[in-house]
Amino acid sequence: KAARLRQNAAIAQLQTDLIASFWTDDVTICRGLGVQLAGKAAYRKLFTDDIASPGEIIYQRIPTAIDASALWPLAFETGTWEGHLGKSDGPVVIRGRYSAQWVKRDGRWLIRAEVYVALDGAGPGKEFKAAP
């Protein structure tokens, strides 16, 4: 949980290098509206593009449960996520639920996979399009 909260802080401060330091090189993601990406470079570009775009959305993950395996260096996280307009305390324009797979490597917990599902939108968030 501490790693997730540190990554949230990096997201709020728009620190893409620090954000990316929480992912494995082969991280995969399915975004809230269905876009899928593979690899740290592609995921990092997604954040860089979001930050550079007008009306940027700052995402926050709120973990509700984290289960760590007693047998393997793996953990499963579930929670809710929110996209805030312009800054981390701006209005919420999109939200939903997520899950993440974490792997412990060299003493650090890293995100190997994330799946987000958008469930609600407001304001400009209602105009976002789902992937086919």
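Analyst: Ile94 is found in strand β5. Helices (H or I, at least four residues) and strands (E, at least two) are DSSP runs, numbered from the N terminus. This is a predicted model, in which local features need pLDDT of at least 70 and side-chain atom pairs count only at pLDDT 80 or more, while totals for chains, interfaces and linings use all residues. Residues are numbered from 1 along each chain as its sequence is written, and side-chain values use heavy atoms, with hydrogens and water left out.

Ile94 has a relative accessible area of 6%, so this residue is buried. Buried means under 20% relative accessible area, exposed over 50% and partly exposed in between, with a 1.4 Å probe and protein chains only. Contact means heavy atoms within 4.5 Å. Leaving aside neighbours within four places in sequence, Ile94 is in contact with Leu33, Tyr59, Trp81, Glu82, Gly83, Ala118, Asp120, Gly121 and Phe128.

A pair of aromatic rings is described by the distance of the centres and the angle of the planes. Rings of Phe, Tyr and Trp (its six-membered ring) pair if their centres lie within 6.5 Å; planes under 30 degrees apart count as stacked, over 60 as edge-to-face and the rest as tilted. By this rule the model has 4 aromatic pairs. One of them is stacked: the rings of Trp23 and Tyr43 are 4.0 Å apart, centre to centre, with 15° between the planes. Trp23 belongs to strand β1 and Tyr43 to helix α3, so their pair ties together parts that are 20 residues apart in sequence. Trp23 and Tyr43 are both buried. The centres of Tyr59 and Trp81 are 6.0 Å apart and their planes stand at 55°, so this pair is tilted. Tyr59 lies in strand β3 and Trp81 in strand β4, 22 residues apart, and the pair links these distant parts of the chain. Together with Tyr98 and Tyr116, Tyr59 and Trp81 form one aromatic cluster.

The wider setting is the nonpolar core, a set of buried Ala, Val, Leu, Ile, Met, Phe, Trp, Tyr and Cys residues joined through side-chain atoms within 4.5 Å. The largest such core has 24 residues, and Trp81 and Tyr116 are among those with the most contacts inside it. β5 gives the most to this core, with 5 residues.

β5 also has a strand partner. Two strands pair if DSSP finds at least two bridges between them. β5 and β6 pair in the antiparallel sense over 12 bridges; Ser99, for instance, has Val115 in β6 as its bridge partner. Their hairpin has 2 residues between the strands, and Asp106 there takes a positive phi near 50°. β6 pairs with β1 too, in the parallel sense over 4 bridges.

Ile94 and Thr78 are 16 residues apart in sequence and 17 Å apart in space, C-alpha to C-alpha.
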